[in-house]
Structures are given as structure tokens and as C-alpha cells.
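Student: I would like a close look at one part of this structure, the aromatic rings and what surrounds them. Please take me through it in one connected account.

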Amino acid sequence: MELIEYHDVTIAYDPKRPVISHAELRIPQGGITALLGPNGSGKTTLLSVLNRLLRPVSGEVFVGGRALSAISHRELARTIATVPQFSAPSFDYTVEHMILWGRAPHVAYLPRKADLAVVDQTIERMGLERLRRRPFSALSGGEKQLVLIARALAQTCPVILMDEPTTYLDIGNQVRILNTIREINAQSGTTFLVTLHEPNHALYLADEIVLVHHGAIEQGAPDAMLTPENIQTLYGARAAFLDLFDMRYMAIDYRPQ
Amino acid sequence: MARPRTDRARAGDPTAPGRGRVLVCYLLPLPVFLLALCVGAYRLAPAAILDAILQRLMGRTIFGPAVEPGAMTVLLDVRLPRVLLSLLVGASLSASGAAFQSVMRNPLVEPYTLGVSSGAALGAALSMAFSLLPLQLSAFLFASASILACYLIAGQRGSAPILSLILAGIIVSAVCTAALSAVQLVVDPLKLQGLVFWTMGGFYTTTWEKLLSALPLLLVGLAAVYLLRWRMNILSLGDGEARMLGADPRLLRGAVLLSATLLASASVSVSGILSLVGLMIPHICRMLFGADHRRLIPLSMSLGAAYLTAVDTLARTLFTFEIPVGIFTTFLGAPFFVVLLRKARSIGWN
């Protein structure tokens with residue numbers, strides 16, 4: 001049994017035009033799975049049924065062998081943590097507060113000492129001590145992304161979902177976030193499901209690739225999925241692959257074809 | 001880049017230097033309460049207050065001779081219920097304001113944004129004009145109905161966008177105000193005067209009966225808002241993130257709104273319209289102690305109680321005649337709101 005399974009899942013905002021039709025997906029435990037596809041292909045939609053922002057029209061999603069529809073909100077949030085692309089709280093919460101909110105699914109009435117200890121450990125692990133008492137709203141984009149990852153870590157879930165964690169970051173922050181994901185995965189065996197726009201990020205990170213195209217999905221190993229043919233089909237761009245920096249590296253030909 | 005104005009107290013950490021401030025804020029209602037009992041047209045020493053209470057309860061005094069009956073009546077039947085009610089209503093309006101702000105994710109709303117005040121005024125007017133329902137009950141029902149109406153107007157498939165809600169509040173207020181004018185047209189001029197005075201807001205008609213009639217509703221509302229304070233943090237992040245963190249935003253929002261509505265409606269039904277208390281107090285608390293609702297809610301209650309009682313005491317002692325306290329709260333709150341609005345614009349809040 002895989003950790004997460006999609007069985008014949010169809011997702012639609014408008015019932016006549018499904019965004020994802022009859023998807024089959026198996027996410028192995030302890031790996032990093034990257035979801036790639038053009039804008040509007042349904043990557044984010046595919047993930048939104050997992051944290052229940054959307055309900056599938058038909059089919060069923062299983063988490064740890066149990067049907068998603070049979071799991072309570074709270075229990076689900078103890079299994080799957082989500083790192084949103086943005087968070088813009090209306091109030092001036094500090095970094096420490098934002099990370100503490102990650103304990104919410106474990107808190108019955110008020111957070112206890114154990115919860116505060118998890119927050120302390122997370123802050124230390126992510127190297128955020130310096131930012132601890134800063135208002136979240138005053139941070140840079142990269143720092144905010146790190147804090148949101150820290151919040152997901154404080155949630156202590158076996159699975160973390162990330163929606164385009166690198167899209168709006170500069171190169172330095174991209175490197176930092178990618179390595180943070182790899183480190184957490186190596187240290188704690190956390191399963192990651194990450195939507196990405198940059199195939200090179202997927203080549204660096206992922207054990208498994210899911211391509212999403214026109215509501216259909218295809219899953220496989222990075223070498224089999226990320227090929228010049230597939231890049232041409234997905235994005236209509238010409239790509240070449242080379243060996244660079246101890247990895248397979250993709251380059252794009254930007255000239256008009 | 002870091003903003004330099006960050007200080008440790010904003011973090012809401014118990015070890016932060018804000019601790020002394022927190023203590024002062026929690027203790028503040030006590031001296032205000034005592035002072036409010038002492039001063040007024042009939043001035044009493046603190047010892048006489050204790051004596052009067054002892055004499056009523058146990059039939060004897062400790063600090064001085066027996067308190068004269070006139071003083072007993074002023075203190076125990078007029079001033080004490082009034083001061084207690086102003087403490088309660090101050091705490092309730094502030095807690096209600098903080099709760100509305102967390103639900104609507106907007107630090108500039110207050111209980112009256114959703115038409116509570118004009119709804120209550122209409123309810124009170126109908127009661128005075130036609131005596132169908134007792135005044136307080138009628139004001140309470142119409143205030144609650146106004147908020148409900150806002151939700152029905154703005155609601156779309158179970159969620160109500162904030163901007164639509166605020167616009168719905170304007171519409172509901174306008175309709176209630178028009179209906180109020182219509183009632184005023186037909187009502188007996190003598191009753192009209194009472195109505196005008198009622199809408200100005202105040203505690204001059206407080207009796208023990210009035211206090212006790214609102215007490216259960218206010219206590220239930222205060223307890224509910226207090227118990228929900230941690231979850232308001234999660235709710236204030238928005239529906240999507242609240243769901244990611246395992247909360248059921250619709251259920252939670254319903255519970256917070258219900259408690260906040262109860263507080264606002266019950267308050268307005270006993271005190272008339274006291275605007276901007278629910279906006280000003282939570283905001284001052286946020287500036288002093290940080291945005292974490294675990295602290296914000298109890299501190300807002302405490303500061304709100306002290307503030308409204310102090311203002312009410314001023315309203316009845318400043319001049320030889322009494323000024324409705326609603327006039328004071330609005331004059332004190334309005335400049336505050338203006339500053340807040342300008343600041344909110346400059347930090348790009350929307």
C-alpha cells in the first residue's frame with residue numbers, strides 16, 4: 001500500500017468541465033514527488049483535494065489506506081501539512097506566533113509547554129532565531145517562505161504539501177528552500193509533494209515526477225518523465241539535457257522556432 | 001528588511017518586558033471601580049463604601065458610624081449597579097469588537113459595522129411607540145436581526161466576503177434609520193424625547209433589575225469569546241489556511257459571530273449606542289501587547305471595562321448636568337479611528 005493513492009479521481013469547479021479527469025496516482029512514503037505542468041494544468045487543483053480545500057466530484061483519495069472522506073479535519077491536519085504560497089495575516093503576528101499556529105491540530109484548548117518546545121526546536125532547526133520576534137509582515141519573500149515551512153514542520157506531519165515554493169523567490173532563496181526540503185526529507189523521512197515550475201528544481205529534488213497536462217496525469221521516474229519530447233509537449237519549448245553539477249540539467253532554447 | 005520599531009513586548013512572550021504593563025492593565029478596573037463609587041453629586045469616602053455594603057449585608061459597620069439611609073440608597077441602589085454595568089458593557093463591547101475583527105480579518109470593523117446600533121435604535125423606538133415588547137428585549141432582537149440580515153444579504157454559499165458584509169451593513173443601517181424616522185414621525189413628542197436620549201447612550205437609568213436582566217447574556221458571551229480566543233488566531237488567517245491547520249472555519253466563525261453578536265446586542269439593549277469602544281480598545285491592546293488573541297481578548301475586556309467606567313464617571317461628574325456617555329465615546333474614538341485609517345493605508349493594509 002502506498003502512502004497516498006488517488007483512485008479514478010475527477011475534480012471540477014464546473015461539473016461540465018472537469019479540471020482533472022479520472023486521475024490515478026500513487027505517492028510512495030518517504031519520497032519527494034514533484035508535480036509539473038503548464039499554468040492552469042491543474043497541479044494545484046490536484047493537491048487541493050488532499051488538504052480538502054476541494055472535494056473530488058467522483059473517485060476516492062486514500063491516505064495511509066484510509067478513505068480521505070472518513071478522516072476528520074483535525075486528524076487530516078495531523079497527517080498532511082500544507083505550505084501555502086503566500087500568507088498575509090491581517091494582524092501583526094510575529095514569526096514565533098506564525099510557527100505556533102502550526103500546532104493548532106494538536107491543541108485542544110490552549111497550547112501547552114510541549115507545543116512551545118516544538119516551536120523552539122523548529123525555530124532552531126530552521127535557523128530562524130534571529131527573526132523570532134519580528135512581525136511576519138515585515139519579512140522578505142524568502143524569509144516568509146522559510147517561516148511557512150517552519151509552521152508546516154511544527155505541525156509534525158508525515159506528509160508536507162508545497163505549492164510552488166520557489167516561484168516568486170530569487171536564486172539565492174530558491175537554493176535555500178530546495179536544500180531545506182532535501183534536508184528535512186533526509187533527516188525525518190517526511191514525504192513531500194511539491195508543485196514546481198522549474199524542471200531543474202524537480203531534477204535536483206524529486207524521486208518521482210508527476211506530469212499534469214490538460215487534466216490528464218502521467219507518473220514516473222525523473223529520467224523517464226523529463227525528456228525533450230515531454231517538455232515539448234507540455235510547454236511547447238525545445239529543451240536539451242546535459243550532465244552538470246552532478247545532476248541531469250535542463251537547458252531551454254529561447255530562440256523563436 | 002527589518003522594521004526598527006519591533007520590540008519584544010509585541011511578541012506576546014510572557015518573559016518580555018511587557019509583563020508589568022500587562023499586570024497594570026489587568027488591575028486597572030479595580031481603582032477605576034472604587035473611584036467611580038466615591039465620586040459624584042454625593043461624594044463618599046472609600047471607607048464609607050465598605051461600611052455601606054457591610055451594613056446592607058450584615059447589619060453593622062466597621063470603619064465608622066452607621067451610614068445614613070440617603071447615602072445607602074445613592075451608593076447601593078444607584079451608583080453600584082451603574083458602575084457594575086458600565087464595567088460589564090465596556091468589557092463586552094471591547095471583546096465583541098476584537099472578535100468581529102478576527103472573524104472579518106479586518107482591524108477597522110467594530111460591532112456596529114453590521115448595523116447593530118441602528119437596529120437596536122429601531123427596536124427601542126418601536127417598543128417606546130407601540131409597547132409591543134419590553135424596550136430592552138425589543139432592542140436586543142432588532143440588533144441581532146440586523147447582523148443576521150447582513151449575513152443573509154452578503155452570504156454566498158455559506159461564506160460572506162468581507163467587503164459585501166460591510167456594504168450590507170450600510171444598507172441595513174440605512175433601512176433601519178429610515179424606519180426609525182418613520183416611527184419618530186408618528187410617535188408622541190414626549191416619548192420622542194426619551195428615544196433621542198436613549199440613542200445617545202448612557203447608564204443613567206441603570207437599576208439592579210436592568211443589570212440582572214442583561215447579566216446572563218453578557219456573561220455567556222464573555223465566557224464564549226474568552227474560550228474561543230486561541231482559535232480566533234487560526235480563524236484570522238483566512239478559511240484556506242484555517243482548514244490547512246485542521247479547523248472547520250465555517251463552524252468556528254459561526255460560534256465566534258454568535259458570541260460577539262450576543263455581546264453587542266445585549267450591551268446596546270441596556271446602554272444605548274456607545275460607538276467606537278469596540279474599535280478603539282482592541283486596537284490599543286494590540287499596539288501595547290501584540291496581536292495574539294490569547295492575550296488580546298482578556299486584556300481588551302479589562303481595559304474596556306476600565307475605560308467605559310472612567311468615561312461614564314467623567315460624563316456624570318464633569319458638569320452639573322449629565323452628558324450621555326455615547327457622545328464622549330464617539331468624540332474620543334473618532335480621532336483615533338482617523339489616525340488608524342491613515343496608518344492602515346500607509347502600511348498597505350487592505
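Tutor: A charge is said to sit over a ring if NZ of Lys or CZ of Arg is within 6 Å of the ring centre and within 35 degrees of the ring normal. Please keep in mind that this is a predicted model.

By that rule, the charged end of Arg248(A) sits over the ring of Phe241(A), at 4.3 Å from the ring centre.

Next come rings paired with rings. Over all chains, a search of the whole structure finds seven aromatic pairs. One of them joins Tyr93(A) and Trp101(A), with ring centres 5.1 Å apart and planes at 85 degrees; planes over 60 degrees apart count as edge-to-face, so this pair is edge-to-face. Tyr93(A) and Trp101(A) are both buried. Another pair is that of Phe197(B) and Tyr204(B), whose ring centres are 4.9 Å apart. The planes of Phe197(B) and Tyr204(B) stand at 45 degrees, so this pair is tilted. Phe197(B) is partly exposed, at a relative accessible area of 36%, and Tyr204(B) is also partly exposed, at 27%.

Tyr93(A) and Trp101(A) also belong to a cluster. Together with Phe91(A) and Trp230(B), they form one aromatic cluster, and its members come from chain A and chain B.

Helix 7 of chain A spans residues 199-205 and contains His201(A). Is His201(A) buried or exposed? Its relative accessibility is 10%, and buried means under 20%, so His201(A) counts as buried. Apart from neighbours within four places in sequence, His201(A) is in contact with Thr166(A), Gln174(A), Leu178(A) and Leu196(A).

Chain B also has a nonpolar patch on its surface. The patch covers about 740 Å² and is made by Phe130(B), Leu132(B), Leu133(B), Leu137(B), Leu141(B), Leu185(B) and Val186(B). Two elements of chain B give two or more residues to the patch: helix 6 (135-154) and helix 7 (162-186). Leu141(B) is found in helix 6 of chain B. Leu141(B) has a relative accessible area of 40%, so this residue is partly exposed.

How values were computed
Residues numbered from 1 in each chain as written. Chains lettered and ligands numbered in written order. Predicted model: local features only at pLDDT ≥ 70, side-chain atom pairs only at ≥ 80, totals over all residues. Heavy atoms only, no water. Patch = residues over 30% accessible without salt bridge, like charges linked within 9 Å, V, L, I, M, F, W, Y side chains within 5 Å. Areas by Shrake-Rupley, 256 points an atom, 1.4 Å probe, with all protein chains shown as cover. Salt bridge = Lys/Arg side-chain N within 4 Å of Asp/Glu carboxyl O. Helix = DSSP H or I, 4+ residues; strand = E, 2+ residues; numbered from the N terminus. Buried < 20%, exposed > 50% of the residue type's maximum accessible area, 1.4 Å probe, protein only. Contact = heavy atoms within 4.5 Å. Phe/Tyr/Trp six-rings, centres within 6.5 Å; stacked < 30°, edge-to-face > 60°.
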